[in-house]
Amino acid sequence: MGKEYVKSICGMCSVRCPIEVEVVDGKAEYIQGNPDAAGIMGSLCPRGAAGTALTYDEDRPQYPMVRTGKRGEGKWKQVSWDEALDYVADELTRIQDTYGKNSVLFSDRGGPFRDFYRAFLRGIGTANYNNHDSACARNVQNAALSVFGFGRKGVSYDLKNAKHVILQQRNIMEAINVAEVNNLLTGIEKGCKLTVIDIRANVPATKADNFFMVRPGTDYGFNLAVINVLINKELYDKKFVADWFEDFDKLAEFIKPYTPEWCEAETGVPAADLIAFCEQLAEAAPSVIWHPGWMTARYSDSFWMTRTIYIINAMLGAIGAKGGLPFMNKPGNVGAKGLKSFMEIYPKPEGKRADGIGWMDGRKHFDAGPGLVHLAYEAAVAEDPYPIKAYIVQRHDPLMAFPDKHDVRAKWDDIELVVAATFSWSDTAWYADVILPISPYLERDEILMTKNGPKPAFQVRKRAIEPVYDTKAVWEIYAGLAKRMGLKELDYTNIEDIWKFQLEGTGVSVADFEKTGIVTLASEPLYQPVKEGSFKTPSGKVQVIDAKLEGDGQPSLKPYVSPERPPEGKFRITFGRCALHTQGHTVNNSLLFEQMPENTLWINTKRAAELGIENGEYVSISNTGYEAKIKAFVTDFIHPEAVFMIHGFGHDLPCESRAKGMGAADNMLMPKGIQKWDRGGGAVAMQEHFVEVAKA
Ligand SMILES: Nc1nc2c(c(=O)[nH]1)N[C@H]1C(S)=C(S)[C@@H](COP(=O)(O)OP(=O)(O)OC[C@H]3O[C@@H](n4cnc5c(=O)[nH]c(N)nc54)[C@H](O)[C@@H]3O)O[C@H]1N2
Ligand SMILES: Nc1nc2c(c(=O)[nH]1)N[C@H]1C(S)=C(S)[C@@H](COP(=O)(O)OP(=O)(O)OC[C@H]3O[C@@H](n4cnc5c(=O)[nH]c(N)nc54)[C@H](O)[C@@H]3O)O[C@H]1N2
Ligand code: SF4
Ligand SMILES: [Mo]
């Protein structure tokens with residue numbers, strides 16, 4: 001067997017960095033960044049390096065299982081793949097025959113590997129495809145559509161060439177995308193300024209030129225004041241605004257009350273500092289990137305907050321600019337042909353979406369693509385517009401990703417079949433009726449993906465080693481179901497045939513991926529200038545006023561509402577990521593667990609002293625029936641109104657031998673939280689909750 005190096009794609013988080021796996025005698029020994037991938041330069045984040053511990057973990061589901069006890073009781077029988085797939089296919093058929101095609105709900109984690117199973121969903125005729133995004137970036141997506149007419153991935157971030165990068169609610173050095181971190185560091189070496197706007201000093205704050213610690217929940221107000229200064233001091237790009245803005249006068253009128261002095265009282269940022277910051281922005285323009293944020297499922301005005309970010313970027317002329325937010329190139333933009341799609345084999349399913357998007361008042365303005373799955377759960381309870389009786393959860397753990405798992409789980413009570421396709425245990429898998437264990441990424445091939453960007457490319461995830469347990473690749477699972485449900489167009493038994501289908505007409509062959517795992521479609525990065533058709537809005541311009549939004553009962557320029565102060569003795573719950581873990585599913589990874597076995601509670605020094613809490617001691621955190629112990633991290637560098645913790649801890653499943661009982665679960669501190677959501681962008685507003693902290 002000997003030693004070989006396999007070029008593939010990391011699967012420890014949703015970023016999907018290109019990797020190189022060292023395989024010795026059939027065993028994955030070591031993983032590093034693919035040295036041939038631009039931006040990666042051989043590097044990986046700690047999670048990517050810990051991928052081998054996922055593969056060789058005995059704690060993960062090792063074979064298909066069907067539930068025997070009550071839901072969530074943890075009693076399973078082992079079945080063969082044939083039995084598992086027969087069972088699921090028969091049940092799906094029965095349910096669709098009884099309750100209609102759309103009675104099958106599906107949710108996943110999004111990403112570039114979806115085409116094959118989305119084709120399966122079209123093939124069986126359900127309109128209810130969803131992803132996780134209403135717990136993540138939906139507000140950003142809908143804000144980009146609202147302002148520019150294209151989604152958040154319609155622009156990229158030219159961090160290498162930027163002169164000023166602003167991170168607001170975006171922890172770029174801990175919530176990692178390796179190429180982005182490398183590019184930003186290159187930019188900083190070349191003199192790029194960094195501004196961090198956060199409720200605490202995260203890692204980027206320690207490297208920042210400006211750090212603004214805002215009162216939690218006031219970011220929208222901060223940004224309105226920035227627009228106020230840019231307009232009043234004429235610091236914006238007048239030509240860009242004249243050429244490419246519609247209704248700029250309405251914006252100028254709207255922001256009048258939001259002065260720097262008003263902002264100081266509201267956010268805590270001194271007026272003079274705000275003005276100086278705006279002057280720096282004008283100096284660096286158009287090579288400015290005010291990052292629109294990523295995990296923005298935080299407040300009920302996060303959508304409007306993100307709209308202001310896009311508007312500010314445009315006012316500075318940064319949209320389409322070098323060092324700013326260049327337009328994203330797809331293969332077609334560089335004269336290449338894109339991958340052929342399996343989805344296009346089948347027509348778009350008919351009927352209303354269960355989540356109400358596209359037809360229900362107040363939900364007509366949302367982007368339908370990945371839906372708003374928390375609203376589909378409400379539909380399942382009400383059986384309105386129709387019953388939902390099957391739920392396939394593909395690489396998604398909604399019971400941890402949405403607030404209050406007991407509340408969410410209860411909404412699934414009338415669903416007759418819950419299927420979890422997963423590579424690790426999760427609250428959702430534990431509650432499912434059938435577990436279809438996915439091979440972790442080192443053990444599975446995947447359909448080819450397109451990476452859009454300055455230089456678009458096709459990439460391949462290749463199996464580096466044979467499956468360690470009785471698990472299957474994602475495409476094998478859906479090809480197996482497709483075959484059983486009569487979709488012969490998807491009845492594949494060989495990944496090479498799938499790749500060949502995708503590559504038809506592109507002029508690229510499977511062999512072209514052999515050497516580096518990547519086929520780049522352009523030799524030089526392409527910066528497309530702003531031109532007619534760049535903005536996909538009805539007017540072809542940057543939209544201050546969004547008629548679609550307003551027609552659906554929501555304002556474009558929403559007057560600012562000051563966030564509630566925490567009730568006496570309480571704190572606003574805030575959360576985020578750390579470099580060592582991905583969401584909830586790596587806590588049980590032996591290597592990462594060793595580095596960080598539990599989360600801590602950031603609490604402001606003065607507030608801690610009032611409660612008699614000392615650094616490093618375990619404290620109790622609670623809200624409405626949930627209570628957990630967590631170690632206090634007492635610091636001056638968090639706003640006194642908030643406590644902060646890393647998401648994904650506080651597991652209680654007996655099958656997770658390491659993670660069980662470690663740390664606290666932020667999602668459990670948000671009772672009935674899926675009911676609070678942003679009416680503009682659709683995402684859940686997870687930081688609209690107050691918690692109690694006490695000496696344990
Ligand atoms: N309270 C609170 N809630 C949150 C957040 C928060 O910070 N606080 N964060 C939100 C955010 S930003 C997001 S994106 C969602 C995330 O929540 P999810 O979308 O549920 O994401 P993951 O935890 O990544 O779960 C993916 C599941 O798929 C399985 N899996 C199967 N195959 C693969 C694979 O190839 N790769 C990976 N990585 N996993 C696989 C994993 O084992 C895991 O159980 O949660 C959101 N919810
Ligand atoms: N290591 C690692 N990297 C990841 C992930 C992971 O799980 N682990 N997940 C990936 C995913 S799915 C996502 S969505 C991204 C998330 O990427 P980000 O959204 O950048 O990450 P977070 O850490 O959730 O939050 C960013 C910052 O928001 C701050 N914050 C909280 N409340 C407020 C507020 O009211 N105002 C302001 N201004 N700041 C506030 C937090 O303190 C934190 O520093 O990360 C991706 N990368
Ligand atoms: S950021 Fe880290 S975990 Fe995510 S894909 Fe890249 S190396 Fe893997
Ligand atoms: Mo996310």
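Helices (DSSP runs of H or I, at least four residues) and strands (E, at least two) are numbered here from the N terminus. With that in hand, we can walk through this predicted model, where local features need pLDDT of at least 70 and side-chain atom pairs count only at pLDDT 80 or more, while totals for chains, interfaces and linings use all residues. Residues are numbered from 1 along each chain as its sequence is written, chains are lettered from A and ligands numbered from 1 in the order in which they are written, and side-chain values use heavy atoms, with hydrogens and water left out.

**A buried strand residue**

Let's start with Phe-212, which sits in strand β10 (residues 210-213). Its relative accessibility is 6%, so Phe-212 counts as buried; buried means under 20% relative accessible area, exposed means over 50%, and partly exposed is in between, using a 1.4 Å probe and protein chains only. Which residues does Phe-212 touch, leaving aside its neighbours within four places in sequence? The partners are Thr-195, Val-196, Ile-197, Asp-198, Phe-222, Val-269, Asp-273 and Phe-277, where contact means heavy atoms within 4.5 Å. Thr-267 is 55 residues from Phe-212 along the chain, and their C-alpha atoms are separated by 9.2 Å.

**Two helices that pack on α18**

Helix α18 (residues 474-484) packs with helix α4 (residues 115-124) at an angle of about 20°, their axes lying 9 Å apart. Axes are lines fitted to C-alpha atoms, for helices over the stretch in contact, and angles run from 0 to 180 degrees between N-to-C directions. The two helices are therefore roughly parallel to each other: angles under 35 degrees count as roughly parallel, over 145 as roughly antiparallel, 65 to 115 as roughly perpendicular, and the rest as oblique.

On the α4 side, Phe-116, Tyr-117 and Phe-120 meet Val-474, Trp-475, Tyr-478, Ala-479, Leu-481 and Ala-482 of α18. By class, the residues of this contact are 9 nonpolar, no polar and no charged. Ala, Val, Leu, Ile, Met, Phe, Trp, Tyr, Cys and Pro count as nonpolar, Asp, Glu, Lys and Arg as charged, and the others, Gly among them, as polar.

Helix α3 (residues 81-99) also meets α18: their axes come within 9 Å and cross at roughly 60°. That makes α3 oblique to α18, and the crossing is right-handed. From α3, the contact uses Trp-81, Asp-82, Leu-85, Asp-86, Val-88 and Ala-89, and from α18 it uses Ile-477, Gly-480, Leu-481 and Arg-484. These residues divide into 6 nonpolar, 1 polar and 3 charged.

**An enclosed helix**

Why is helix α14 (residues 373-382) described as largely enclosed by the rest of the structure? It is because 7 of its 10 residues are buried. They are Val-373, His-374, Leu-375, Ala-376, Tyr-377, Ala-379 and Ala-380. The cover over these buried residues includes β6 (104-108), β7 (129-131), β13 (390-394), α15 (398-401) and α16 (405-410).

**Backbone points worth a look**

| Site | Feature | Value |
|---|---|---|
| Ala-285 to Pro-286 | cis peptide bond | omega about 5° |
| Asp-384 to Pro-385 | cis peptide bond | omega near 15° |
| Glu-383 | positive phi | about 50° |
| Asp-404 | positive phi | about 60° |
| Lys-672 | positive phi | about 50° |

Pro-286 lies in the loop between α12 (271-284) and β12 (288-290), and Pro-385 in the loop between α14 and β13. Lys-672, in the loop between β24 (642-646) and β25 (690-695), is partly exposed, with a relative accessible area of 48%.

**A buried loop threonine**

Thr-586 belongs to the loop between β20 (570-576) and α21 (590-595) and counts as buried at 1% relative accessibility. Beyond its neighbours within four places in sequence, Thr-586 is in contact with Met-12, Leu-580, His-581 and Leu-592.

Definitions and conventions
Left-handed = near helix turned anticlockwise from the far one by under 90°.
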